[in-house]
Amino acid sequence: MKRLRPFFAFLFLLSVSITAFSQREPLAQKNVAPWTCDLLIVGGTVVTMDKDRRLIEDGAVAIKDGKIAMVGKRAAVTFHLTAKQTINAAGKVIIPGLINTHTHVPMVLFRGIADDLDLNEWLTKFIFPAEAKNVNEAFVRAGTRLGLAEMIRGGTTTYCDMYYFEDAIADESKKAGVRGVLGETVIDFPVPDNKTWDQAMAYSERYINKWKNDALIVPAIAPHAPYTVSEAHLRDVRALSDKLNAAIVTHVAETRKERDDIKNDPKTGNGDTPVKYLNRIGFLSNRVIAAHAVFVTDEEIDILKNKGVGVAHNPQSNMKLASGTAPVPAMLRKDLAVGLGTDGAASNNDLNMWEEMDTAAKLHKLISGDPKTLPAETAFEMATIRGARALHLDDKIGSLESGKAADVVIVDFDDLNQTPFYNVYSHLVYATKANDVRTVIINGRIVMLDRRLLTLNESVIKKDANAYRLKIIESLRN
Ligand SMILES: [Zn+2]
């Protein structure tokens, strides 16, 4: 024991000297060489959504080459740092860009065309006929620009889409600088861009090969649903996904009718409900993103989890069409990758992720009768990092961490609807509105600065949309 004393004395002296030294200059910064970043956001509270859920007061985010180079306290990040451009976010909140896991973006042009109907009547009497008469590439481009502008204004930086002419949607998204998992819709009847199944599959293959290495666009194939695409064609889709390592976006178990029809159809169900049926035919994989999953059993949630399927929960669309309520608390208990989506604006009627967070948190409290269900932090997680998991992109987006893509949103926190402020997640989910989003950065590029869109022309977008309104009204009279 005696012989150990000098050693302990040495350790004590060493710790004192380290403490004294660290008070003069933080050890972590001692060896930092001078460095330069492209864009620096300083001040404000950084909501990282990293695995420790760090909240950093007076924080900073440094961005270089489209990626987050450093996140932390302002003093630590800015040590020896020169920034080409700086945004002062003092008093504001810096969050990961929101992720909308389910849209049909050009359908903003059908916003309000037919409301207050169930899915079947809404689809067959209004949406499918209106699409047949109006949708072409120019329509899709105009609708996409409108939807992109709305999403950027509301702080959405990534969206998952399924529609026709998806190559044009990818092109418009790329130009606007918005990230997307964009699925070309394939379905068992002639649609505006492809008249036969073979044409649709050939289009999808060309489209996926064209975009597969893009920094912003993740090209995908999107079979509409198990009730509109045959078993043989679903097998074709899975084979193409395997061949090209491509994502699959689809609707699953959205309504009671779909569940019962599949279950009772001798060609498909054999008594199986939609998820069990898709599993039996070998369709499910960790490249699938399934929208809705309203009518799923506990066993089917396990199947989705085991197969690595991502799920898009669309509370407002499901409520408006009275489809039902997805068992999201059960999905969360099993740690399923379930994100939030708006669905198309024709059944919502907007692309506002703030409303989806607020609605999801409240809907599941109401249904469960337990106000502790789906707390604000969980709703925000579903709109960010869990949404990224649902899109199979959580290694790249969904949180503010060094090495991830720089998809960053700055939110004002001082409007009347946010005053006073106590808790950041509560404010983000229950008090913040899309109008409170101030600045949006995607892949390191500023696409909105102080509420001004930098990559899209708002007045031209509105003029184009209003011109389509007249055409659509006319087409539905015939
Ligand atoms: Zn949908």
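**View 1. Strand E8 and its partner strand E9.** In E9, Thr 156 is the bridge partner of Leu 98. E8 and strand E9 (residues 156-163) run parallel and are joined by four bridges. Strands here are DSSP runs (E, at least two residues), numbered from the N terminus, and two strands pair if DSSP finds at least two bridges between them. E8 is mostly covered, with six of its six residues buried; buried means under 20% relative accessible area, with a 1.4 Å probe and protein chains only. The model shown is predicted: local features need pLDDT of at least 70, side-chain atom pairs count only at pLDDT 80 or more, and totals for chains, interfaces and linings use all residues. Residues are numbered from 1 along each chain as its sequence is written, and side-chain values use heavy atoms, with hydrogens and water left out.

**View 2. The open sheet of eight strands.** The strands follow the order E8-E9-E10-E11-E12-E13-E14-E15, and their pairing is parallel. At the edges are strand E8 (98-103) and strand E15 (338-340), each of which pairs on one side only. From one strand to the next, the twist averages 25°; axes are lines fitted to C-alpha atoms, and angles run from 0 to 180 degrees between N-to-C directions. Within this sheet, two bridges join strand E11 (residues 217-223) to strand E12 (residues 247-252), which run parallel. Ala 220 stands opposite Ala 247 in E12.

**View 3. The zinc site.** Four residues coordinate the zinc ion at 2.1 to 2.4 Å: His 102 (NE2), His 104 (NE2), His 251 (NE2) and Asp 343 (OD). Donors are N, O and S atoms within 2.8 Å of the metal (3.2 Å for Na, K and Ca), and sites may look incomplete because water is not among the atoms. Along the chain, the donors follow the spacing H-x1-H-x146-H-x91-D. The angles among the four donor atoms are 85 to 174°, and the site is irregular. Four donors count as tetrahedral if all angles lie between 85 and 135 degrees; four count as square planar and six as octahedral if opposite donors are over 155 degrees apart and all others between 65 and 115; anything else is irregular. Both His 102 and His 104 are buried.

**View 4. The open sheet of four strands.** The order is E5-E4-E1-E6, with mixed pairing. Strand E5 (67-73) and strand E6 (81-88) stand at the edges with a single partner strand each, so one side of each has no neighbour in the sheet. Seven bridges join strand E1 (residues 35-42) to E6, and the two run parallel. Cys 37 stands opposite Ala 83 in E6.

Conventions: Buried means under 20% relative accessible area, exposed over 50%, partly exposed in between (1.4 Å probe, protein chains only).
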